[in-house]
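These are my notebook entries from a first walk through this structure. Come along and keep the model open beside you.

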Amino acid sequence: MDHISKMSRRKALGGIAALAAAPSLITKGAAQPTSAPAPGLEDPTTKYPKPPFKGQQQPWPGLCSKMEPRPDHGETSYKGSGRLAGRKALITGGDSGMGRAAAIAYAREGADVAINYLPDEEPDAREVTELIKSAGRKAVAIPGDIRQEQFCRELVAKAVQELNGLDIVVCNAARQQTRPSLLDVSSEDFDATMKTNIYAPFWIIKAALPHLKPGSAIIGTASEQAYDPSPDLYDYAQTKAATVNYVKSLAKQLGPKGIRVNGVAPGPIWTPLQVSGGATQEKLKSFGGDTPLGRPGQPVELASIYVQLAAADASFATGQIYGSSGGKGQP
């Protein structure tokens, strides 16, 4: 019995070894199949324009419709799936840049959207409201200067009235002006930047809070400048550090009320901020070329982040700063 058992085991082991070797014998000398890219796979380094860019300049606050190349906000590319159905959003700076990308995405995800912008940005704003309407959602355009406290209160009141409520607040509008030296930053410059980037979110969120129910979301737009400030953006950079701070502070304060507060920290993104005084002409021509992806980001590449931070399935995310900087910045 022992002899038979040993023979059986040897045969079994020999059979297993033969099977293990079989694939290599079968495929030896045969043509190997080539792996095709998965459907929808795109190389992020070649997806959008790279520098050098054409030198161009516009008066503040600038229009995306006059930029070369024109930024992509998702006008034709963003596809929604109902993630924000029935929601009501207010977005400052909703005419261009990340605000425009968020407005388009929110509408295609099923939300009604109110956008704020400066009167000079009316041509861009009209395009956005038409895109919101074409998605079958209500569009509310509220032009005005958020550097004034009274207007900020009126802005929120009108958004609540026109949308019949409010549950998403995106404080995105910002002022950025490059100055080679602190000595070149006037008190008027400093004041305008602080009021746009710091005072306005304070006034707007304060006015919106009585209308926000559990499940609502507040989203601030910070920047890689909060973590790695450029020497020529002295005032702008510190406002973005303050944005990170107010996001984290408010998240702790409002968490028990069921209101989430998060922020987005973009790296170099191709928006009118850059062509209307936010970057020197030299920096503009090579803008974004120092990122690992070798190019600046497009506003649409942040749209899904703004959607995620507002969506109910991100219900445990609060006090977070989501970076999108092509591998260059933090966090």
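**Entry 1: helix α2**

I began with helix α2, residues 97-108, whose 12 residues reach 17 Å from the first C-alpha to the last. That is close to the 16 Å expected at 1.5 Å a residue, where the expected span is 1.5 Å times one less than the number of residues. Helices here are DSSP runs of H or I with at least four residues, strands are runs of E with at least two, and both are numbered from the N terminus.

Before going on, I noted that this is a predicted model, in which local features need pLDDT of at least 70 and side-chain atom pairs count only at pLDDT 80 or more, while totals for chains, interfaces and linings use all residues. Residues are numbered from 1 along each chain as its sequence is written, and side-chain values use heavy atoms, with hydrogens and water left out.

Next I asked how many residues of α2 are buried. I found 11 of the 12, so α2 is largely enclosed by the rest of the structure. Buried means under 20% relative accessible area, exposed means over 50%, and partly exposed is in between, with a 1.4 Å probe and protein chains only. Among the buried ones are Gly97, Met98, Arg100, Ile104 and Tyr106. Just after α2, I saw that glycine 110 takes a positive phi of about 105°.

**Entry 2: the whole chain**

I stepped back and counted nine helices and seven strands in the protein chain. Buried residues make up 50% of its 331 residues. Of the contacts (heavy atoms within 4.5 Å) with a separation of 6 or more, 79% are between residues 24 or more positions apart.

**Entry 3: leucine 90**

I looked up leucine 90 in strand β1, residues 88-92. Is it buried or exposed? Leucine 90 counts as buried because its relative accessibility is 0%. Its C-alpha atom is 4.8 Å from that of alanine 114, 24 residues away along the chain.

**Entry 4: strand β4 and its partners**

I followed those contacts to β4. Three bridges join β1 to β4, and the two strands run parallel; strands pair if DSSP finds at least two bridges between them. Alanine 89 stands opposite isoleucine 168 in β4. In β5, the bridge partner of isoleucine 168 is alanine 217, and β4 and β5 pair in the parallel sense over four bridges.

Both faces of β4 are covered, with Ile168 and Val170 buried on one side and Val169 and Cys171 buried on the other. I reminded myself that in a regular strand the side chains alternate between the two faces of the sheet.

β4, α5 and β5 make a right-handed β-α-β unit. Right-handed means that, with the strands pointing away from the viewer, the path from the first strand over the helix to the second runs clockwise.

**Entry 5: the cores**

Which residues have the most contacts inside the largest nonpolar core? I noted Leu90, Ile146, Val156, Leu166, Val169, Ile204 and Ile218, in a core of 36 residues. Such a core is a set of buried Ala, Val, Leu, Ile, Met, Phe, Trp, Tyr and Cys residues joined through side-chain atoms within 4.5 Å. The elements giving two or more residues to this core include β3, α4 and β4. Its largest share, seven residues, comes from α4. Apart from it lies another core, of 32 residues, among them Met98, Ala102, Ile132 and Tyr306.

**Entry 6: two serines**

Serine 65 lies in the loop between α1 and β1, and it is partly exposed at 27% relative accessible area. A polar contact of 2.8 Å joins its side chain to that of aspartate 124. By polar contact I mean N or O atoms within 3.5 Å; within protein, one must be able to donate a hydrogen and the other to accept it, and residues adjacent in sequence count only if both atoms are side-chain atoms.

Serine 223, in the loop between β5 and α6, is buried, with a relative accessible area of 6%. Its side chain reaches the backbone nitrogen of glutamine 225 at 2.9 Å. Beyond four places in sequence, serine 223 touches Tyr236, Lys240, Val264, Ala265 and Pro266.
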